[in-house]
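Please open the model in your viewer and keep the selection tool at hand. The stops below are meant to be taken in order.

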Amino acid sequence: MTPEQEAQLVQKCHRDPAAFGEVFDLWYKLIFGYVMRRTADYDLSKDIAAETFLKAFLKIGSFRWRGVSLSAWLYRIATNELNMYYRSSKYRPASLQELLENPQMEKLLHQPADEEREMLEKEVKADSDYNLIRQHMLKLDIKYQEVIALRYFEQKTNTEISLILDKNEGTVKSLLSRGLEKLRNML
């Protein structure tokens, strides 16, 4: 999607909140996949992805197009939700009740969960290298986990990562370098 198309979609959402369904349709699988690769827990990933899109839905009215893509904004929200999870012993989505009461977000509740769950859990468990790296990644500081996951699991460029994490590009490069070095030493 081009930046102009994204800007038009944002304007459409400002005029009609039901248009947020297009945002959901375009980015839910990517955001869910990002969260799933970070947590390796299907139910938790569904909760975090749902909370991400609920927060985006509630804030889309105040989102202003300033050159930061909608995609980067959604990844930023998801990353913040992941950080909240990793900082707390139990993740409790603050707005889940609002989600259940909001007819605009009904799609989240009607995903073919069992089929999707089985497929994703098999993929995660099947790749022993991924699991080994993920286990070691969890020992790293969150700042390293974020940049490594975005770069190598989500295939984001350093520029995109800097937008998602709201850090300058040099910081992202440095975090990647140090994080990978720490990970290599663990392996």
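**A tour by selection**

Begin by selecting helix 9 (residues 158-165) together with helix 10, which in this predicted model pack with their axes 9 Å apart and at an angle of about 105 degrees. Angles of 65 to 115 degrees count as roughly perpendicular, and helix 9 and helix 10 are therefore roughly perpendicular to each other. To see where they touch, show the side chains of Asn158, Thr159, Ile161 and Ser162 on helix 9, and those of Glu169, Val172, Lys173 and Leu176 on helix 10. The residues of this contact between helix 9 and helix 10 divide into 3 nonpolar, 3 polar and 2 charged.

Next, select helix 1 (residues 3-15) and helix 2 (residues 20-39), whose axes lie 8 Å apart and whose packing angle is about 140 degrees; helix 1 and helix 2 are therefore oblique to each other. Helix 1 brings Glu6, Leu9, Lys12 and Cys13 to the contact, while helix 2 brings Phe20, Glu22, Val23, Leu26 and Trp27.

Select Arg37, Arg38, Tyr86, Arg134, Met137, Leu138, Gln145 and Phe153 to display the lining of the largest cavity, to which helix 2, helix 7 (128-137) and helix 8 (142-153) each give two or more residues. By class, the lining of the largest cavity comprises 4 nonpolar, 1 polar and 3 charged residues.

Finally, colour the protein by pLDDT, for which the mean is 82, with 79% of the residues reaching 70 or more. Confidence is highest in helix 10 (residues 169-186), at a mean of 93, and lowest in helix 5 (residues 96-101), at 52. Where pLDDT is low, the predicted coordinates should not be read in detail.

Notes
Residues numbered from 1 in each chain as written. Predicted model: local features only at pLDDT ≥ 70, side-chain atom pairs only at ≥ 80, totals over all residues. Heavy atoms only, no water. Axes fitted to C-alpha atoms, helices over the stretch in contact; angles between N-to-C directions. Helix = DSSP H or I, 4+ residues; strand = E, 2+ residues; numbered from the N terminus. Parallel < 35°, antiparallel > 145°, perpendicular 65-115°, else oblique. Contact = heavy atoms within 4.5 Å. pLDDT = per-residue confidence, 0-100. 1 Å grid on protein atoms, 1.4 Å probe; cavity = no way out; pocket = protein on both sides within 12 Å on 5 of 7 lines; lining within 4 Å. Nonpolar A, V, L, I, M, F, W, Y, C, P; charged D, E, K, R; others polar.
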